[in-house]
Amino acid sequence: MTTSDLRLAAHDLACIRGGRLVFEGLSFELAAGHALVLTGANGAGKSSLLRQIAGLLEVTEGRIELQGGDPELGVAEQAHYVGHLDGLKPMMSVVETLRFWGGFLGGPAEAADAALDAMALAPLADLPVAYLSAGQKRRLSLARLAVAPRPLWLLDEPSVALDAASVARLKDFMSAHLAAGGLIVAATHLDLGLAMAAELRLTREMAS
Amino acid sequence: MRRAFLALLARDIRLAAGMGGGGGMAVLFFLTVVAIVPLGVGPDRPVLELLAPGMLWVGLLLASLLTLDRMFQADVEDGSFDLLSMGPLPLELVAVAKSLAHWVVTGLPLVIAAPVLGILLNLPPATMPYLMLAMLVGTPALSFIGAVGAALTVGVRRGGLLASLLVLPFYIPVLIFGVGAVEAAAGGFEGQAARQALLFLAAITLAAIAIGPLGAAAALRAILR
């Protein structure tokens, strides 16, 4: 992963959802090895911004670019997204889930096992997802970040449903990604205690 | 890209073939629909023989509609689709993989079940190879055309009904030439007429494979973003 000169830049972003202006004139820059923590009240547009970066929501105005990345790929193809929906299939086992996403996203074959360890899921490897608790499912969603190396992580409330030990593990996991030159944009209400983190506070815009 | 395609195809086949995936359901539905025809029209053999090709094809069309609505919806509802759309595959190829998986799990078992049902409807044994061949050639079109309907109704609760209404008119050419191939074979025109109908079916399937994924991907982009 050559991520040393990567830079995520957003220029003058606006987001309109359901006729309501969520935010406008939003600009930021994020250098490799740094995290951006999105804060703000419910409905301030944290999830919308993450989905815009991930290419899952139309960018009403402005543009988002990943400078210094692979010119052949869009921002979305260089990003991992962990949202509110877990994207898990109840009948697939934990390790099958990770192997599938590793294969689909083009990760190395042994990465699935590394991902199991990253979120301490090895004891649950053969268990179908249907039997996992909410916190375990969240850990599996997060373990997906490790199945294929992608420089930009977009995390929407990553610590929801996690116990204290798992939050600590998540923090180490994120710190390691930053240390390797990755970028993280995370929406959170909880202080994750990352070293290289800047805060972007979204304020509620009531357009009507 | 090939690895991603195969991974998605294998996952979808596994999910659909497993519990609650609805793969086996289509065959049972096909069986039930065709089995109640003799009860409805009476057990008169010549009448059944006359109706057989049409009833088999109509049953096949309805059965393949049954599992259509979940093609994209299941992934959209649980968030998998967000991640799939960020992967290395363009949405068009995601649609190809999903259509292909639908065919393997729904279309192919229906083709295999058809001769058994043909016997039930007193279809002449000589026409069986034509029936199977026509269904083998025609069923992929059902999955690939159906993908467009499934994509268009992805955000609609109980979209299966709407998808059926949208898709059924486009199944009519498959029905006409599918029945045509079997009837021609039954009438002793194995050589020319049956071959023509089969070629038309092949053409429809190829066109569906070429156009269906483009339409499905365009619909998904328009609806989900």
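Reader: Which residues have the most contacts inside the largest nonpolar core?

Author: This is a predicted model, in which local features need pLDDT of at least 70, side-chain atom pairs count only at pLDDT 80 or more, and totals for chains, interfaces and linings use all residues. Residues are numbered from 1 along each chain as its sequence is written, while chains are lettered from A and ligands numbered from 1 in the order in which they are written. A nonpolar core is a set of buried Ala, Val, Leu, Ile, Met, Phe, Trp, Tyr and Cys residues joined through C-beta atoms within 7 Å, a residue being buried if 20 or more other C-beta atoms, placed from the backbone, lie within 10 Å of its own. The largest such core has 131 residues, and those with the most contacts inside it are A143(A), L154(A), L56(B), A151(B) and A181(B).

Reader: Which helix gives the largest share of this core?

Author: Helices are DSSP runs of H or I with at least four residues, and strands are runs of E with at least two, numbered from the N terminus. The largest share of the core, 14 residues, comes from residues 128-152 of chain B, helix α7.

Reader: At what angle do the axes of α3(B) and α7(B) cross?

Author: Axes are lines fitted to C-alpha atoms, for helices over the stretch in contact, with angles from 0 to 180 degrees between N-to-C directions. Helix α3 of chain B spans residues 45-66. Its contact with α7(B) includes L56(B) and L60(B) on the α3(B) side and L131(B) and M135(B) on the α7(B) side. The two axes come within 11 Å and cross at roughly 35°.

Reader: How many residues of helix α4(A) are buried?

Author: Helix α4 of chain A covers residues 134-143 and is mostly covered. Among its buried residues are L140(A), L142(A) and A143(A), and the buried residues pack against β5, α2, α3 and α5 of chain A.

Reader: Which element gives the most to the side of chain A that touches chain B?

Author: Two residues are in contact if their C-beta atoms, placed from the backbone, lie within 7 Å. The contact takes 21 residues from chain A and 18 residues from chain B. On the side of chain A, β5 and α2 give two or more residues. With 4 residues, the element that gives the most is α2(A).

Reader: How many bridges join β1(A) to β2(A)?

Author: Strands pair if DSSP finds at least two bridges between them. Strands β1 (residues 7-17) and β2 (residues 20-31) of chain A run antiparallel, with R7(A) opposite A31(A). The number of bridges that join them is 8.

Conventions
A residue is buried if 20 or more other C-beta atoms lie within 10 Å of its own, exposed if 12 or fewer, and partly exposed in between; C-beta atoms are placed from the backbone.
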